[in-house]
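Hi there,

Here is the structure I promised to pass on to you. Have a look at it first, and then read my notes below.

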Amino acid sequence: MKSIEEQLQGFGVVPVVVLNDEAHAIPLAKALVEGGLPCAEVTFRTEAAEGAIRRMSEQYPDMLVGAGTVLTTKQVDRAVSAGAKFIVSPGFDPEIVDDCLEKNIPVFPGCITPSEAAQAVKRGLRVVKFFPAEQFGGVSAIKALAAPYNMLKFMPTGGVNAKNLETYLNCDKILACGGSWMVKGDLIQAGAFERIGELTRETVALVEKVRG
């Protein structure tokens, strides 16, 4: 069975999802799965997040569903209890990282500085988030940070879109990119799941073009 990291690398893109209504969880998951990208990072920014993760995980058990924007260890417990298979935090919070490692939960904390990367390496992490990617220098910054920490791979999120995805994926230090362009909030709110499916298929095709 492939590890979480191997699965993420295979997908190339992780849809970053903000859901305000649990009822949208299943049709969204269906659109992603049928579009060829059975993966989602559901952000804990809304009250619907926990229930959405539970619904997606129960209806599509083979889908790789994780929790993003996790800011406390209590949220870690709630997310994992709901079915989240991995945890993503925007910054490097030692308490959250250590809690996940202790419980053997895959965790990808945000690292944008050498000091944060050093803390990740110290704990044996191999993959970290890079957020917000475009605002902090994009691919060139990731390459510079990866030079002394060549054991790390990065998941850039923030400003990554269909136009610059190819540039990111061409960097061998990038495991996968987080993005929301195929799962925009207005599309979800409008129930435009067919359009989400189309954008997902376009994204999958782009990843295949770059990575083969």
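In this predicted model, α4 passes α5 in a right-handed crossing. A crossing is called right-handed if the near helix is turned clockwise from the far one by less than a right angle, and left-handed if anticlockwise. Two packed helices are described by the angle between their axes and the distance between the axes. Here, helix α4 (residues 73–82) and helix α5 (residues 94–102) pack at about 40°, and their axes are 9 Å apart. The axes are lines fitted to C-alpha atoms, for helices over the stretch in contact, and angles run from 0 to 180 degrees between N-to-C directions. Helices (H or I, at least four residues) and strands (E, at least two) are DSSP runs, numbered from the N terminus.

Which residues meet where these helices pack? T73, V76 and D77 of α4 meet E95, I96, D99 and C100 of α5; contact means heavy atoms within 4.5 Å. By class, this contact has three nonpolar, one polar and three charged residues. Ala, Val, Leu, Ile, Met, Phe, Trp, Tyr, Cys and Pro count as nonpolar, Asp, Glu, Lys and Arg as charged, and the others, Gly among them, as polar.

A note on the numbers: residues are numbered from 1 along each chain as its sequence is written, and side-chain values use heavy atoms, with hydrogens and water left out. Because the model is predicted, local features need pLDDT of at least 70 and side-chain atom pairs count only at pLDDT 80 or more, while totals for chains, interfaces and linings use all residues.

Next, the backbone. Most residues other than glycine have a negative phi, and most peptide bonds are trans. T69, in the loop between β3 (64–68) and α4, has a positive phi near 50°. N104, in the loop between α5 and β5, also has a positive phi, of about 60°. Are these two buried or exposed? T69 counts as buried because its relative accessibility is 15%, whereas N104 counts as exposed at 70%. Buried means under 20% relative accessible area, exposed over 50%, and partly exposed in between (1.4 Å probe, protein chains only). There is also a cis peptide bond between F131 and P132, with omega about -10°; P132 is in the loop between β6 (127–130) and α7 (138–146).

On a 1 Å grid over the protein atoms alone, a cavity is a set of points where a 1.4 Å probe fits but cannot get out, and a pocket is an open set with protein on both sides within 12 Å along at least five of seven lines; lining residues have an atom within 4 Å of a point. Grid points are joined across faces, edges and corners, and a volume is the space filled by probe spheres set on the points.

The largest pocket holds about 310 Å³. It is lined by 21 residues, with V16, R45, T157, G179 and S180 closest to its centre. The second largest pocket has about 260 Å³, and E5, I105, P106, V107 and R126 lie nearest its centre among 13 lining residues. One cavity of 30 Å³ or more turns up in the whole structure. The largest cavity has about 50 Å³ of space, and T157 is one of its lining residues.

Enjoy exploring!
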